[in-house]
Amino acid sequence: MTVLLWILGILALPLVAFGVWWVAVFVKAFVKADPEAEEEAEKKEEAVRVLGLLPASAQNTSMARPVPAEWSAAQAAARQGEWQPAAALLRSIGEDWNLRSGFVGVIGDVAVDDDTWLLAWENALPDDPDAAVVRAWSTVGLAGKVRGAKRAQHTSQEQFAGFHRTLARAREEIARAVELNPADPTPFVSEISVALGLGYPNSEMNKLWEQIVLRAPHHYDAHYWALQYWCAKWRGSKKLAMDFAERAARSAPLGSLLTVLPLVAHFEHDDSDSADVDRTPRMIARVDAALADAAASDPAHPRLPAVRHVLAYFLALQDRHEAAIEQFTMVDGHIGALPWSYKGDPAHYYCHLRDISAAAVVAARNGTAA
């Protein structure tokens, strides 16, 4: 019986092959690509070319903007063991707290991988508050490296233990940086990451926040990361996050970029499948407020590109394509920012939404239908 089945199986092979061929012919003949979809894709490709936008393969998904030349030079020097350029740059930044925090984060990341240059700086100037704040920031970054980027179920107990030990050490480094420069909000800003990692209760986060706003009431990074803390995914809720965002937006001066926070809070808690929730009169007003804020901001503000990414996203969803392309054009090439960074394939998602706006803009300028 087994032999008979084996023979029948061999004899059936040509019939199976013919069936596979026939299915392929049928699919090719009757399930062709949608002509309208092909035409739409061609329009998008042409629009991208006309507007001078970059393909998905050319998008930097790790940064929201190019690193300024001076910052890049200081990074390169640090990797060669030279701390002096970073020290000089921090001194020149002075009390521009947004710039200071931005650069401390960039140079602190270098020390996460190799702190030889930072050790040399600390040995040369043992009580330098600039070296101390970089050390505090880099220790927080080191904790993240120890933990790893995987979800909790894929992170070992050993990693978690090392993560918590390093964050505890970071608190000590933060306290020392505060002692050496009490006016600087930057150490407290770095502590928000500690609050997230160690799960500060709301009361402790409120105390930390008081120290920050006492020194820098409209600090962008502080507000962005505090908003993350108040989100439902961390230690808050949708209501707490939105209340925090709206209070900050109401009290902030034009140019501070804080009017983008309600948009971020909305995005963080939006679980709908429709863009209708992004097109309400309230959401349009929020986008308008953030547009005015961005227009009034210092062009050198380190977080302006991140705000432009959020604006481009919501403007596209609101079918305000000309305004969206204006924002897309200013950030194209560097997309390591919300909302794209939340997607598995950031460049694909970014280009998909951008190209819809691009096609609509080119069609409108040519007087044709998109």
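At what angle do the axes of helix 9 and helix 10 cross? This is a predicted model, in which local features need pLDDT of at least 70 and side-chain atom pairs count only at pLDDT 80 or more, while totals for chains, interfaces and linings use all residues. Residues are numbered from 1 along each chain as its sequence is written, and side-chain values use heavy atoms, with hydrogens and water left out.

**View 1. Crossing of helix 9 and helix 10.** The axes of helix 9 (residues 186-198) and helix 10 (residues 202-215) cross at roughly 160 degrees and come within 10 Å. Helices are DSSP runs (H or I, at least four residues), numbered from the N terminus; axes are lines fitted to C-alpha atoms over the stretch in contact, with angles from 0 to 180 degrees between N-to-C directions. Helix 9 is therefore roughly antiparallel to helix 10 (over 145 degrees). In helix 9, Phe188, Val189, Glu191, Ile192 and Ala195 meet Met205, Leu208, Trp209, Gln211, Ile212 and Arg215 of helix 10 (contact: heavy atoms within 4.5 Å).

View 2. Glycine 236 lies in the loop between helix 11 (220-230) and helix 12 (238-251). Glycine 236 is partly exposed, at 22% relative accessible area (buried is under 20%, exposed over 50%, partly exposed in between; 1.4 Å probe, protein chains only). Leaving aside neighbours within four places in sequence, glycine 236 is in contact with Tyr229, Trp230 and Cys231. Proline 201 is 35 residues from glycine 236 in sequence, and their C-alpha atoms are 9.7 Å apart.

**View 3. Helix 15 and aspartate 319.** Aspartate 319, which follows helix 15, has a positive phi near 60 degrees.

Technical notes. Helices (H or I, at least four residues) and strands (E, at least two) are DSSP runs, numbered from the N terminus. Angles under 35 degrees count as roughly parallel, over 145 as roughly antiparallel, 65 to 115 as roughly perpendicular and the rest as oblique.
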